[in-house]
Amino acid sequence: MAEFVGAVDQGTTSTRFMIFDHSGNEVGRHQLEHEQILPQAGWVEHDPVEIWERTSSVLQSALNKTGLSASDLVALGITNQRETAVVWDKRTGRPLYNAIVWQDTRTDRIASALEREGKGDVIRQKAGLPPATYFSGGKIQWILENVEGAREAAESGNAIFGNTDTWLLWNLTGGKDGGVHVTDPTNASRTMLMNLETLDWDDELLGFFNIPRSMLPEIKPSSSPDPYGLTLANGPLGGEVRITGDLGDQQAATVGQVCFAPGEAKNTYGTGNFMLLNTGTELVRSKAGLLTTVCYKFGDSAPVYALEGSIAVTGSAVQWLRDQLGIISGASQSEALARQVEDNGGVYFVPAFSGLFAPYWRSDARGAIVGLSRFNTNAHLARATLEAICYQSRDVAEAMEKDSGVVLEVLKVDGGVTANELCMQIQADVLGVPVSRPVVAETTALGAAYAAGLAVGFWKNTDELRANWNESKRWSPQWSDEQRTTGYERWKKAVTRTLDWVDVD
């Protein structure tokens with residue numbers, strides 16, 4: 001009898017497959033990184049074929065390590081890096097171009113033109129998003145305009161698009177030999193092409209980007225007893241498993257953190273940071289620089305919406321210390337290095353490598369380290385990097401309070417950076433509220449598993465999921481009000497130094 005649920009978590013830097021039991025405990029996992037392709041300044045790409053190969057490997061390896069087989073899985077869920085755009089030929093299964101990653105800024109002129117032509121307000125109203133390099137629509141347009149043969153292939157119906165969830169679903173269910181071309185509303189709501197009220201592709205928005213409707217996947221609920229498809233018996237799982245859950249990674253983490261009631265919020269610390277506030281079935285349109293997005297849609301129930309604050313560079317700033325500067329040998333070393341000093345020594349680091357996302361939305365911004373003196377060391381820079389993660393989260397928390405009137409009483413956190421206990425203490429200090437980490441910190445994969453398991457009755461309802469949530473650790477604020485106020489004022493001053501650096505037409 002099948003007793004477990006599997007979840008593919010296809011992220012920005014790696015892909016993992018995790019297996020969970022009925023109590024939401026991790027039974028097994030395997031994870032592999034993939035290459036970050038950086039052709040020129042501001043461009044970030046992935047090889048979709050490599051991502052599929054890594055996915056196949058982690059599926060097989062996790063089952064092998066646990067001694068389980070496909071028949072032990074009641075269902076499979078998928079979660080993914082959102083906005084990263086893949087365009088491929090459905091006849092051959094070959095990508096027309098590398099995946100253009102959500103961090104990529106090459107579409108800044110497309111986004112600026114939309115704003116200049118007065119289309120920005122229409123996109124905000126219909127899609128809940130500002131015109132920005134972040135989202136998929138501009139990336140599809142760029143591929144159609146710049147890759148030889150792409151426009152013709154799209155017009156003839158041969159070129160199709162998907163975020164990485166769609167790419168994996170298509171390959172898992174047969175690829176060019178009958179693979180399903182589907183997505184869910186959480187991913188579709190990150191394209192600038194879906195109408196938030198109808199949960200369908202919008203012809204006016206498609207016209208803004210000159211994208212043929214035939215390229216786009218069918219939008220199905222995030223959790224559905226009617227499977228998106230079955231894995232292939234001769235595929236990487238080695239058997240047929242129902243795929244019944246699909247959520248963008250940040251919405252999956254919200255589900256994994258059991259934020260099912262309006263007013264509940266979580267913050268995920270990964271490559272970037274993403275804070276989501278459940279607003280229930282009400283569409284709350286942001287006036288403070290946040291995104292309005294679909295939180296999830298379970299079966300035939302009404303969609304649940306969220307306000308989101310998206311921060312482009314947080315955990316990847318720590319990777320930058322490792323890979324580009326070489327001042328640490330691993331991400332975990334950032335904590336030990338930062339602990340060598342009591343404070344940031346006056347140094348503030350604003351890692352606006354991809355411009356600034358919420359709540360600023362400034363594609364003209366670039367990273368800056370300010371306040372340096374001869375006194376400062378690499379330890380101060382490490383500390384400033386951790387503080388940057390936390391100050392950017394405060395920017396978003398304050399915007400959420402303005403939009404919703406909800407004052408944070410505690411911040412639920414998850415993701416890889418939460419293993420850095422100094423960073424979590426700084427987060428509590430910067431916000432002035434307790435920070436709570438669950439026992440299962442990888443809530444993105446857990447949320448995808450929950451969506452898949454709910455669909456098939458493995459879990460009866462969300463109350464059963466709430467019973468699975470347990471706190472691992474809580475950090476309480478230690479800074480004085482004066483420390484908190486002074487630090488935040490200096491952070492905001494540092495942010496101003498990053499603006500107007502790149503000329504955007």
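Modeller: I311, L356, F357, A358 and Q392 lie nearest the centre of the largest cavity. Its lining has 15 residues (an atom within 4 Å of a grid point). A cavity is a set of points on a 1 Å grid over the protein atoms alone where a 1.4 Å probe fits but cannot get out. Two elements give two or more residues to this lining: α12 (378-404) and α16 (481-496). Helices (H or I, at least four residues) and strands (E, at least two) are DSSP runs numbered from the N terminus. The cavity lining divides into 12 nonpolar, two polar and one charged residues. Asp, Glu, Lys and Arg count as charged; Ala, Val, Leu, Ile, Met, Phe, Trp, Tyr, Cys and Pro as nonpolar; the others, Gly among them, as polar. The structure holds one cavity of 30 Å³ or more.

This is a predicted model: local features need pLDDT of at least 70, side-chain atom pairs need 80 or more, and totals for chains, interfaces and linings use all residues. Residues are numbered from 1 along each chain as its sequence is written, and side-chain values use heavy atoms, without hydrogens or water.

Now turn to the pockets. A pocket is an open set of points with protein on both sides within 12 Å along at least five of seven lines. The largest pocket holds about 890 Å³ of space. Its lining has 40 residues, and T13, Y269, G270, T271 and G416 lie nearest its centre. By class, 21 lining residues are polar, 10 are charged and nine are nonpolar. Strands β2 (14-20), β3 (26-33) and β15 (265-269) each supply at least two lining residues. So do helices α9 (249-256), α10 (315-325), α11 (333-338) and α14 (443-455). The largest share, five residues, comes from α10.

Helix α10 also gives the largest share, six residues, to the lining of the second largest pocket. That pocket holds about 720 Å³. It is lined by 26 residues, with L38, V44, Q103, Q324 and F353 nearest its centre. Its lining has 13 polar, seven nonpolar and six charged residues.

Go back to two helices of the largest pocket, α9 and α14. They also touch each other: D249, A252, A253, V255 and G256 in α9 meet T443, T444, L446, G447, A448 and Y450 in α14 (heavy atoms within 4.5 Å). This contact has six nonpolar, four polar and one charged residues.

Strand β15 sits in an open sheet of seven strands, ordered β17-β18-β16-β15-β21-β22-β23, with mixed pairing. Two strands pair if DSSP finds at least two bridges between them. At the edges stand β17 (291-296) and β23 (471-475); each has a single partner strand, so one side of each is left without a neighbour in the sheet. Strand β22 (435-438) pairs with β23 in the antiparallel sense over four bridges. There, P438 stands opposite E471 in β23.

Strands β2 and β3 sit in an open sheet of six strands. Its order is β3-β2-β1-β5-β14-β13, again with mixed pairing. The edge strands β3 and β13 (229-230) each pair on one side only. Strand β1 (4-10) and β2 pair in the antiparallel sense over six bridges. V8 has F17 in β2 as its bridge partner.

Notes: Grid points are joined across faces, edges and corners, and a volume is the space filled by probe spheres set on the points.
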